[in-house]
Amino acid sequence: MVGEEVREGGRRPMATILCIDDEDSVRITCQFALEQAGYRVLTAKNGKHGLQLLEHQAVDLILVDIFMPEMDGLELIRLLHKTRPASKIIAISGASGVLDYLDTAKHLGAHDTLMKPVSLQELLDAVSAQLN
């Protein structure tokens with residue numbers, strides 16, 4: 001968004017963000033806030049669903065919850081870092097011992113981390129920083 005070249009007619013290309021979180025309320029809130037900020041948002045309920053979406057969709061940024069069923073966020077981040085090295089990833093978690101897991105996420109390839117509960121402003125600031 002900011003920092004991207006402006007296309008003819010003064011319109012900026014819309015960045016696409018994939019939010020992967022097993023909590024419905026987090027996905028809905030994330031989608032609403034980011035769409036209000038002008039982003040296109042896809043959502044997935046777990047890592048496997050996220051990977052399926054990525055087979056058919058190009059995204060600019062991926063938000064990944066650490067603790068999810070079927071495929072946890074750390075496994076997903078490791079896989080995304082290998083298969084999609086250009087993808088920007090933000091890891092999010094609110095579980096106990098979260099700092100250790102978020103630190104591990106950074107070592108596995110996440111570009112930034114956020115600790116739940118995340119304010120909408122924190123989310124928007126982190127997304128903007130990664131897309132610039």
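In which loop is the place of Glu70? Glu70 lies in the loop between E3 and H3, where helices (H or I, at least four residues) and strands (E, at least two) are DSSP runs, numbered from the N terminus. Glu70 has a positive phi of about 70° although it is not a glycine. Most residues other than glycine have a negative phi, and most peptide bonds are trans.

The model is predicted: local features need pLDDT of at least 70, side-chain atom pairs count only at pLDDT 80 or more, and totals for chains, interfaces and linings use all residues. Residues are numbered from 1 along each chain as its sequence is written, and side-chain values use heavy atoms, with hydrogens and water left out.

Five strands with parallel pairing form an open sheet, in the order E2-E1-E3-E4-E5; two strands pair if DSSP finds at least two bridges between them. Strand E2 (40-44) and strand E5 (112-115) stand at the edges with a single partner strand each, so one side of each is left without a neighbour in the sheet. From one strand to the next, the twist averages 20°. Strand E3 (residues 61-65) pairs with strand E4 (residues 88-93) in the parallel sense over five bridges, and Asp65 has Ile92 in E4 as its bridge partner.

Helices pack on this sheet. H1 touches strand E1 (16-20), E2 and E3, and its direction makes about 170° with that of E2. Contact means heavy atoms within 4.5 Å; axes are lines fitted to C-alpha atoms, for helices over the stretch in contact, and angles run from 0 to 180 degrees between N-to-C directions. Helix H3 (residues 73-83) lies across E1, E3 and E4, running at about 155° to E3.

Two packed helices are described by the angle between their axes and the distance between the axes. For helix H1 (residues 24-36) and helix H5 (residues 120-131), the angle is about 60° and the axes are 10 Å apart. Thr29, Cys30, Ala33 and Leu34 of H1 meet Leu120, Leu123, Leu124 and Val127 of H5. This contact has seven nonpolar, one polar and no charged residues; Ala, Val, Leu, Ile, Met, Phe, Trp, Tyr, Cys and Pro count as nonpolar, Asp, Glu, Lys and Arg as charged, and the others, Gly among them, as polar.

H1 and H5 each also supply at least two residues of the lining of the largest pocket. A pocket is an open set of points on a 1 Å grid where a 1.4 Å probe fits, with protein on both sides within 12 Å along at least five of seven lines; lining residues have an atom within 4 Å of a point. The largest share of the lining, four residues, comes from H1. Among the lining residues are Ile92, Lys116 and Pro117. The peptide bond from Lys116 to Pro117 is cis, with omega near 0°, and Pro117 is in the loop between E5 and H5.
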